[in-house]
Amino acid sequence: MPRKSRAVSPTGVYHVMLRGINKGAIFMDDTDCRKFLKILGSVVSPVDADGVPLPPYCDIYAYCLMTNHIHLLIRESSESIGAVMKRIGVAYVAYFNRRHERLGPLFHDRFRSEPVADQSYFVTLLRYIHQNPIEAKIADSLGRYRWSSWHEYTGAKLNQYICAREMPFESMSWDEICQLVKDCNRTAETRCGIKQPKITDSDAKELVDRLCGGLNFREYSIKERKEIVRKAVALGVKKAQLSRLSGISYGAIDNYLKGKQKGDE
């Protein structure tokens, strides 16, 4: 059966998501995240073989790098969305496979995309993408998560700026949009066409076992448990699932996510 054609955005703006194959991690550490951001920088500010600047292949308005998936808010420029995502995917997979000594595909199928046709949905997606780590319980504020474009929005001193400050819609100021992004909207996820898939208990158990390296969760120190819990939640495992699978109370897991050093009782 032929693939369904992508819906075309009248504004050229798309919400794009890339997910790891078999729900696996696509970022193993900070080095991987930095490399991916460097690749994003190369498509918004490309140069030729002699270092001469070229027209941007695309504009990026927001990004968020999670452990096993990526969100982008992107607008076509000199290249189509398909061509841009191919550039990004090919460059990152080649790097990732070389660095981590692996072969084969890294991403699940082709990238998913949805058109962004109006300002209301554009702002909804800005909020949704930046609030992703908060919804996943791996950060308690926008500024506490390192691997999203929120730091570009706040004017933080960075080595590299990727996002275009020129919005595709002109009736809202940058400050107004930033304020809307900061205002938590719990309905944002249901309003976005790309939703987080639910993980079954069997898939969650396999993922937790992999994170624990075959050891019992209780054999780890509090600090190590916190890291395992954070990674599991980032990969989509719910706190209730973690409680059932690990034997650790729901409250203790919640404390791990909040950074508290309480025990498991």
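So, secondary structure: the protein chain comes to ten helices and four strands. Those are DSSP runs numbered from the N terminus, with helices being H or I of at least four residues and strands being E of at least two. Reading along the sequence, you get β-α-β-β-α-β-α-α-α-α-α-α-α-α.

Quick word on what we're looking at. This is a predicted model, so local features need pLDDT of at least 70 and side-chain atom pairs count only at pLDDT 80 or more, while totals for chains, interfaces and linings use all residues. Residues are numbered from 1 along each chain as its sequence is written, and side-chain values use heavy atoms, with hydrogens and water left out.

On to the sheet. The four strands make an open sheet in the order β2-β3-β1-β4, with antiparallel pairing; two strands pair if DSSP finds at least two bridges between them. At the edges sit β2 (58-65) and β4, each pairing on one side only. From one strand to the next, the twist averages 20°. Then there's α2, which packs on the sheet and touches β1, β2 and β3, its direction making about 140° with that of β3. For those angles, axes are lines fitted to C-alpha atoms, for helices over the stretch in contact, and the angles run from 0 to 180 degrees between N-to-C directions. Touching, or contact, means heavy atoms within 4.5 Å.

Let's zoom in on β2 and β3. Seven bridges join β2 to β3, residues 69-76, and the two run antiparallel. Cys 58 stands opposite Glu 76 in β3. Is Cys 58 buried or exposed? It counts as buried, because its relative accessibility is 1%. The cut-offs are under 20% relative accessible area for buried, over 50% for exposed, and partly exposed in between, with a 1.4 Å probe and protein chains only.

Since we're on cysteines: how many disulfides are there? The count is zero, where a disulfide is a pair of cysteine sulfur atoms within 2.5 Å. Take Cys 33, which is buried at 6% relative accessibility. Its closest cysteine sulfur is in Cys 64, and that's 9.7 Å away, so too far for a bond.

Cys 163 is another one to find on screen. It's in the loop between α4 (150-153) and α5 (174-182), and it counts as buried at 12% relative accessibility. Leaving out residues up to four places away in sequence, its contacts include Ile 60, Tyr 61, Ala 62 and Tyr 63, plus Glu 152. The C-alpha atoms of Cys 163 and Glu 152 are separated by 7.1 Å, and the two residues are eleven apart along the chain.

Now the inside. The largest nonpolar core has 76 residues, and among the members touching the most others are Leu 40, Ile 60 and Met 85. A nonpolar core here is a set of buried Ala, Val, Leu, Ile, Met, Phe, Trp, Tyr and Cys residues joined through side-chain atoms within 4.5 Å. Met 85 touches Val 16, Leu 18, Leu 72, Ile 74 and Phe 111, again not counting residues up to four places away in sequence. Over the whole chain of 265 residues, 47% are buried.

Most residues other than glycine have a negative phi. Asn 22 isn't a glycine, yet has a positive phi of about 55°; look for it in the loop between β1 (13-19) and α1 (30-44). It's exposed, at 68% relative accessibility. Asp 109 also has a positive phi of about 55° without being a glycine, and lies in the loop between α2 (81-99) and β4 (112-116).
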